[in-house]
Amino acid sequence: MQLSGRVAIVTGAGQGIGKAIALKLASYGADVAVVDINLEKAEETAKEVKDMGRKALALKVDVSNVKETEEMAEKVFTDLEGIHILVNNAGITRDGLLLRMKEEDWDSVMNINLKGAFACTKAVLKYMTKMKWGRIVNIASVVGVMGNAGQANYAASKAGLIGFTKSVAREVASRNITVNAVAPGFIETAMTDVLSPQVKSDLLNKIPLGRLGGANDVAMGVLFLASNASNYITGQVLNINGGMAM
Ligand code: NAD
């Protein structure tokens with residue numbers, strides 16, 4: 001799987017899964033725009049990409065802000081000379097049981113996880129359709145497939161992302177642009193560090209492969225969907241969850 005000559009945008013790539021994806025794509029030859037709301041962390045990832053001999057841009061973007069995502073796409077297209085791959089990875093949780101969930105916790109999760117993917121995808125499609133080649137990978141979640149008590153907002157955003165993936169896949173297939181989703185299970189990152197040891201051990205009992213996932217497990221799936229190896233795959237959800245949902 002070679003990505004030389006490709007330019008990728010990875011959102012939320014300042015840390016965690018997004019960072020692992022950015023470094024994975026770079027290690028297979030892609031130049032990478034590292035997009036995050038946290039510029040300092042984006043710059044750290046971008047430095048690691050450059051250390052691999054690839055071109056990198058660190059951009060401070062709030063993915064839920066349409067204007068910022070349009071400016072992002074224009075800058076990447078101009079400075080890195082193309083946009084071939086978009087990974088919609090930026091995401092947040094604001095957990096709580098529905099009866100106690102605040103309106104702002106619903107809205108912020110929807111805005112970043114779902115509207116963010118809408119904004120970034122719309123912004124880059126303008127350029128991908130011109131090039132007649134594109135790979136879009138949306139990072140959903142096992143929770144969007146199975147549901148999870150205490151995560152109604154997050155699960156709805158990730159299930160929404162799956163519907164979004166399939167619809168856009170149908171719209172842009174004729175332009176040789178594929179749109180797929182990856183649904184990770186429980187992956188060891190800052191997002192899951194907050195889980196109590198009890199919750200983690202309960203989770204382990206539900207994972208046939210007997211361990212939480214690593215960011216690299218997800219990055220390998222994204223690499224496949226971003227490369228020519230997956231040319232005939234679109235509108236699909238790749239579950240990377242140790243067998244938790246099958
Ligand atoms: P993380 O919290 O470690 O990293 C998320 C990154 O997104 C951070 O760098 C953060 O600054 C950035 N971000 C947040 N809001 C943003 C915004 N408005 N605009 C731009 N960037 C923003 O999370 P992670 O565990 O690496 O998760 C990455 C993705 O994978 C998320 O979409 C998450 O829902 C999904 N996911 C994670 C797990 C898991 O177990 N960790 C499981 C399934 C899905």
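Start by selecting Lys132, in the loop between α4 and β5. This is a predicted model. Lys132 is exposed, with a relative accessible area of 53%. Check its backbone too: phi of Lys132 is near 55 degrees, a positive value in a residue other than glycine.

Now select Glu81. Glu81 sits in the loop between α3 and β4. Is Glu81 buried or exposed? Glu81 is exposed, because its relative accessible area of 61% is over the 50% cut-off. Its phi is near 65 degrees, again positive in a residue that is not glycine.

**Helices α3 and α4**

Show residues 66-79 for helix α3 and residues 103-131 for helix α4. Their axes lie 9 Å apart, and the two helices pack at an angle of about 30 degrees. The crossing of α3 past α4 is right-handed. From α3, pick Val66, Thr69, Glu70, Met72, Ala73, Glu74 and Phe77. From α4, pick Lys115, Phe118, Ala119, Cys120, Ala123, Val124, Tyr127 and Met131. Colour this contact by class: eleven residues are nonpolar, one is polar and three are charged.

**Asp105**

Stay on α4 and select Asp105, which belongs to this helix. Which residues does Asp105 contact, leaving aside its neighbours within four places in sequence? They are Arg94 and Asn153. Draw a C-alpha to C-alpha distance from Asp105 to Arg94: it comes to 5.6 Å, for two residues eleven apart in sequence.

**Helices α1 and α2**

Move to α1 (16-27) and α2 (39-51). These helices pack at an angle of about 20 degrees, with axes 9 Å apart. That angle makes α1 roughly parallel to α2, because angles under 35 degrees count as roughly parallel. Here α1 passes α2 in a right-handed crossing. On the α1 side, select Lys19, Ala22, Leu23 and Ala26. They meet Thr45, Glu48 and Val49 of α2. By class, this contact has four nonpolar, one polar and two charged residues.

**The largest nonpolar core**

Go inside. The largest nonpolar core has 32 residues. Which of them touch the most other members? Select Val10, Ile21, Leu25, Ile85, Val87, Val182 and Val222. Several elements each supply at least two residues of this core, including β1 (7-11), β2 (31-36), β4 (85-88) and β5 (134-139). Helices α1 and α2 also each supply at least two. Now show α9 (215-226). Helix α9 gives the most to this core, with seven residues.

Zoom in on Val222. Leaving aside neighbours within four places in sequence, Val222 is in contact with Ile21, Val87, Val137, Ile139 and Val182.

**Last stop: strand β6**

Show residues 177-184, strand β6, and select Thr178. Thr178 is buried, because its relative accessible area of 5% is under 20%. What surrounds Thr178, leaving aside neighbours within four places in sequence? Its contacts are Gly134, Arg135, Ile136, Leu225, Asn231, Ile233 and Thr234.

Notes. Residues numbered from 1 in each chain as written. Predicted model: local features only at pLDDT ≥ 70, side-chain atom pairs only at ≥ 80, totals over all residues. Heavy atoms only, no water. Axes fitted to C-alpha atoms, helices over the stretch in contact; angles between N-to-C directions. Helix = DSSP H or I, 4+ residues; strand = E, 2+ residues; numbered from the N terminus. Left-handed = near helix turned anticlockwise from the far one by under 90°. Contact = heavy atoms within 4.5 Å. Nonpolar A, V, L, I, M, F, W, Y, C, P; charged D, E, K, R; others polar. Core = buried A, V, L, I, M, F, W, Y, C linked by side-chain atoms within 4.5 Å. Buried < 20%, exposed > 50% of the residue type's maximum accessible area, 1.4 Å probe, protein only. Parallel < 35°, antiparallel > 145°, perpendicular 65-115°, else oblique.
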